[in-house]
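Hi,

Here is the structure I said I'd pass on. Have a look at it first, and then read on for what turned up when I went through it.

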Amino acid sequence: MAFLRTICAQRSTTNLVYSYSGSSSNSSSLGVGGKYYYFIGSKVPSSVRQLSYDASDDNDNESELKSTSSSSRRLHHHRHQLQQNHNQYFQPHQQKQLLAKVLFAPVFNHRQLVHTDAAKSQTVTAATIEEEKAIPKKEARFRPPAPKIPENPQRDPLDVGFNDPLAAFKSKTTWELVRAYVVYMICSFEKIVEHNMTLLKIAKAVLGDKLFEMLMKSTFYGHFVAGEDRWKIIPTLERLRSFGVKPILDYSVEEDISQEEAEKREVEASTSTSSFVNKEDALPQYQVDKTFADRRYKVNSARTYFYLNEATCERNMEVFIKCLEAVAGATFGTGITAIKLTALGRPQLLLQLSEVISRARQYFEELVGGDGNVLNYHKTINDLEKYYVSLGIDNKEVKNFLKNVTSDKEGILHLFPWTGIVNDEFQLSDTFRVPDPKTGQMRRLISQIPPKEEEMFRNMIRRLNTIVKTAEELDVRIMVDAEQTYFQPAISRITLEMMRKYNKDKAIVFNTYQCYLREAFREVTTDLEQAKRQNFYFGAKLVRGAYMEQERARAEALGYPDPINPNFDATTDMYHKTLTECLRRIKILKDCGEDAKKIGIMVASHNEDTVRYAIQKMKEIGISPEDKVICFGQLLGMCDYITFPLGQSGYSAYKYIPYGPVQEVLPYLSRRAQENKGVLQKIRKEKRLLLAEIFRRMRTGQLFYKPKGNYVPI
């Protein structure tokens, strides 16, 4: 029987398709409880998931069955049939048959059901298998058991000066501390960092793949990356959790393509194939320019995707879904996955949508004779109708336009039915038309888009819908990363529509706001107001920003206003002002007895002063960590002296966790080295705290200290 257990364990990775567990008091000496296993031939689809089933949950699940597919109900019926046969026992010869079926499953051309309880054995018919095949993938996703919560979880006092090396590094072994110090020392040499990618490639050529990977795991890779795949990162995630820190997962594999290839791809993917595009009337900010087509230009901290084809976007979607499943399997509903919209579709579509949003804003400002967003003016549809009548515009098309304007009792929300963009039937060029005050006719705010590009847009929205729906099912949150300003209006609009669609009961989708932008405060307050008036949960990640030098250079070259704040202090003021407004609105919700979680904010910053400011404002306003409306986030391998003391003292703290094969994350490692070069002050403090903790362990005889946390994340 022990031999059988071993074989079952070995075969489970290749032949096990589904596992249904049912409780039984008649479990045999096989030692695996009451479980039913399907086995399949040697080829197993990569999309197959594992699903657990407990017979004791039948009554609880009865209500859920009403909303599931018919194939799912048939599977549930088969589970009951299996449970009813629970009192049949194996004879010795049947045990031999069971062993043969487990050992030689690949020789069968059809799947067989093998019950591992000694009480019974049954073969599923071909018809049953065909019914099971019809079950949608989303219903077969693995949901992990609830985590084991310590009876007396530890909480430490917080040193807001972040000068306690013990609190900062109690989650690290001494070897990890030494490795971190060596990595930071290397990052302090400007010449090494400047040519790091070249040096890495030379080292790889000299050492060979195996030795090179060992070197990377002992240095940069081991420090900044959690592991090679979704399974190997689990120990890291579990250790983080035991010290009060949660993950934001990111599969950090990147293409290492030349500048010429990047420029070629971007120009091709950002240029419409339509012959109706009016180049003369185009806004320069939303046009591709070869000089800045390589979006990696002067960008250290953000990953860049370059469009190749639709198949690549499909693969990116699958990668994001695997991230969701990985984080769900190790974090029990507290994890987050970061995604980028440029990974899911053609960039030209984001450029065009961003341009139409900008034109719509200009159009409305001309109508009201002012400056600002439509939400700032309490204009009603009747006001618009009177305005058009005064201009002599009163035709059927204008009436249809007014019929589709989104409004509530406080006034107009949107000139266009933006909610349509999350639907497959949405047609870009047919929707974005407005009455022209000069001609009285309807005019387009976007060029005519050919059917092929319309289909690409629908594909992009379908992929995003699939990702967010999966996140909802797995109880994981999605953070849509901010990108360049010429993409951002479209990204924010699409993300808000996903919030409106999915953030009905809690914040599943989060948008990212870059506070080095002059318009950051206005964008956040506008979106907060939309969430309030349209009654959905609002989630935001506040960052300083990743594209400053690139944005400034591009604005100057193409002749549009610089979108970036003039200096670092102005950016800090913008960050603090925006955060304060979010906290103020959270307090209003609390005071009114409403759900304070309707607004969720992540303070994603490596700046100590900003973290302290957030903590101080939380105390002043009366927001506690237990309210679960404010969290903090930093990158893995950076500012541990901020993240871990926060998590260990009861604040909601996150680490941005990259993972991927060593050879394929070299561009990511290169960026981390570049970024550390730019924050020498933080490195200096972290190096000082690392040395202090290493010497403390030497003095106290704790060189072989093994981290073991007893914390529970908020």
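**What I found**

Phe 536 sits in the loop that runs between helix H20 (520-534) and strand E12 (538-543). One thing to keep in mind throughout is that this is a predicted model. Is Phe 536 buried or exposed? Its relative accessibility is 4%, and the cut-off for buried is under 20%, so Phe 536 counts as buried. Leaving out residues up to four places away in sequence, Phe 536 touches Leu 496, Met 499, Arg 500, Asn 503, Gln 530, Ala 531 and Lys 598.

**The chain as a whole**

Stepping back, the chain has 714 residues, and 53% of them are buried. Its secondary structure comes to 26 helices and 15 strands. Take the contacts between residues at least 6 apart in sequence: 80% of these join residues at least 24 apart.

I also looked at cysteines. How many disulfides does a search of the whole structure find? The search comes back with zero.

**Two helix pairs**

A reminder before the numbers: two packed helices are described by the angle between their axes and the distance between the axes.

Start with helix H14 (residues 347-368) and helix H19 (residues 488-502), whose axes are 7 Å apart and meet at an angle of about 85 degrees. Angles of 65 to 115 degrees count as roughly perpendicular, so that is the label for H14 and H19. On the H14 side the contact uses Leu 350, Leu 353, Ser 354 and Ile 357, and on the H19 side Gln 488, Pro 489, Ala 490, Ile 491, Arg 493 and Ile 494. Sorted by class, the residues of this H14 and H19 contact are seven nonpolar, two polar and one charged.

Then there is helix H22 (residues 568-591) with helix H23 (residues 608-621): the axes come within 11 Å and cross at roughly 25 degrees. Because angles under 35 degrees count as roughly parallel, H22 is roughly parallel to H23. The crossing of H22 and H23 is right-handed. H22 contributes Tyr 575, His 576, Leu 579, Thr 580, Leu 583, Arg 584 and Lys 587 to the contact, while H23 contributes Asp 609, Thr 610, Tyr 613, Ala 614, Lys 617, Met 618 and Ile 621. By class, the H22 and H23 contact has seven nonpolar, three polar and four charged residues.

In what follows, contacts leave aside neighbours within four places in sequence.

- Tyr 711 is in the segment after helix H26 (680-700), and at 4% relative accessibility Tyr 711 counts as buried. Which residues does Tyr 711 contact? They are Gln 154, Arg 155, Asp 156, Lys 170, Arg 241, Ser 242, Phe 243, Gly 244 and Gln 648. Tyr 711 and Pro 153 are 558 residues apart in sequence, yet their C-alpha atoms are 5.0 Å apart in space.
- His 223 belongs to helix H10 (residues 220-224) and is buried, with a relative accessible area of 8%. Contacts of His 223 go to Arg 179, Ala 180, Val 183, Tyr 184, Leu 636 and Gly 637. The C-alpha atoms of His 223 and Tyr 181 are separated by 10.0 Å, and the two residues are 42 apart along the chain.
- Thr 643 is part of helix H24 (residues 640-648) and is buried, with a relative accessible area of 0%. Thr 643 touches Val 245, Gln 634, Met 638, Ala 653, Tyr 654 and Lys 655.
- Ser 670 is in helix H25 (residues 666-677). Ser 670 has a relative accessible area of 12%, so with the cut-off for buried at under 20% it is buried. The contacts of Ser 670 are Asn 196 and Met 197.

Cheers

Notes: Residues numbered from 1 in each chain as written. Predicted model: local features only at pLDDT ≥ 70, side-chain atom pairs only at ≥ 80, totals over all residues. Heavy atoms only, no water. Helix = DSSP H or I, 4+ residues; strand = E, 2+ residues; numbered from the N terminus. Buried < 20%, exposed > 50% of the residue type's maximum accessible area, 1.4 Å probe, protein only. Contact = heavy atoms within 4.5 Å. Axes fitted to C-alpha atoms, helices over the stretch in contact; angles between N-to-C directions. Parallel < 35°, antiparallel > 145°, perpendicular 65-115°, else oblique. Left-handed = near helix turned anticlockwise from the far one by under 90°. Nonpolar A, V, L, I, M, F, W, Y, C, P; charged D, E, K, R; others polar. Disulfide = S-S within 2.5 Å.
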